[in-house]
Amino acid sequence: MPTYEIESIATVVGGHTRVQDDYQGGVESIIRLDDAYPLETLQGIEEFSHLTVTWRFHLARPEDIELHARSPRGNQNWPATGTFVHRNHRRPNQLAISYPRLLNVEGRDLLVTDLDAVDGTPVIDLAPYFEQMGPRGPIRQPAWPGEMLEPNYWAKASERPSERPA
């Protein structure tokens, strides 16, 4: 298989400080463009409400990859599905795509909310979200993604129940 060398173009600053499955909402973070890119590369981005951000699960390890069918989050109530049906760090290239809301642009800093990456995450690519390039036609999916994500994924991080000390 061909391999590709990819360099990050930006870094997530602030926001989530640890990896967690749920309570991703309401957290502001900064996508800070690397100094290697001129400011002009961001010209006009402030006109958009949302971004398409490709990032790397940088805290994942190569041994986390699982190339087999398994139940999402280990919940046996949901069907075993293949590696490419999951959207987590257990995928071969350990990449993710998110669609945060762009709040403000200040120099190289893009202030966003609802980015489900953690502080220090390398950003591989970013672009404005174009509504016309989103899904076309009706969306079809099984019930389990909604059951897994709907209750708490985008719930405000400030509403996350406190964890009991060990």
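Predicted model: local features only at pLDDT ≥ 70, side-chain atom pairs only at ≥ 80, totals over all residues.
Student: How many helices and strands does the chain have?

Tutor: Helices (H or I, at least four residues) and strands (E, at least two) are DSSP runs, numbered from the N terminus. The chain has 1 helix and 7 strands, and along the sequence the pattern is β-β-β-β-β-β-β-α. With a radius of gyration of 17 Å, close to the 15 Å that the globule rule gives for 166 residues, the chain is as compact as a globular protein of that length. The radius is taken over C-alpha atoms, and the rule is 2.2 Å times the number of residues to the power 0.38.

Student: What share of the residues counts as buried?

Tutor: Buried means under 20% relative accessible area, computed with a 1.4 Å probe on protein chains only. Of the 166 residues, 32% count as buried.

Student: In what order do the strands stand in the sheet?

Tutor: Two strands pair if DSSP finds at least two bridges between them. Here 7 strands form an open sheet, in the order E4-E3-E7-E1-E2-E6-E5, with antiparallel pairing. Strand E4 (95–98) and strand E5 (101–106) stand at the edges with a single partner strand each, so one side of each has no neighbour in the sheet.

Student: Which residues illustrate the pairing of E5 with E6?

Tutor: E5 and strand E6 (residues 109–113) run antiparallel and are joined by 5 bridges. Val105 has Leu110 in E6 as its bridge partner. The hairpin of E5 and E6 has 2 residues between the strands, and Gly107 takes a positive phi near 65° there. Strand E1 (residues 10–13) and strand E7 (residues 122–128) pair in the antiparallel sense over 2 bridges, and Thr11 stands opposite Pro122 in E7.

Student: Which residues lie nearest the centre of the second largest pocket?

Tutor: On a 1 Å grid over the protein atoms alone, a pocket is an open set of points with protein on both sides within 12 Å along at least five of seven lines; lining residues have an atom within 4 Å of a point. Among the 13 residues that line the second largest pocket, Pro2, Thr3, Tyr4, Pro92 and Asn93 lie nearest its centre.

Notes: Residues numbered from 1 in each chain as written. Heavy atoms only, no water. 1 Å grid on protein atoms, 1.4 Å probe; cavity = no way out; pocket = protein on both sides within 12 Å on 5 of 7 lines; lining within 4 Å. Buried < 20%, exposed > 50% of the residue type's maximum accessible area, 1.4 Å probe, protein only.
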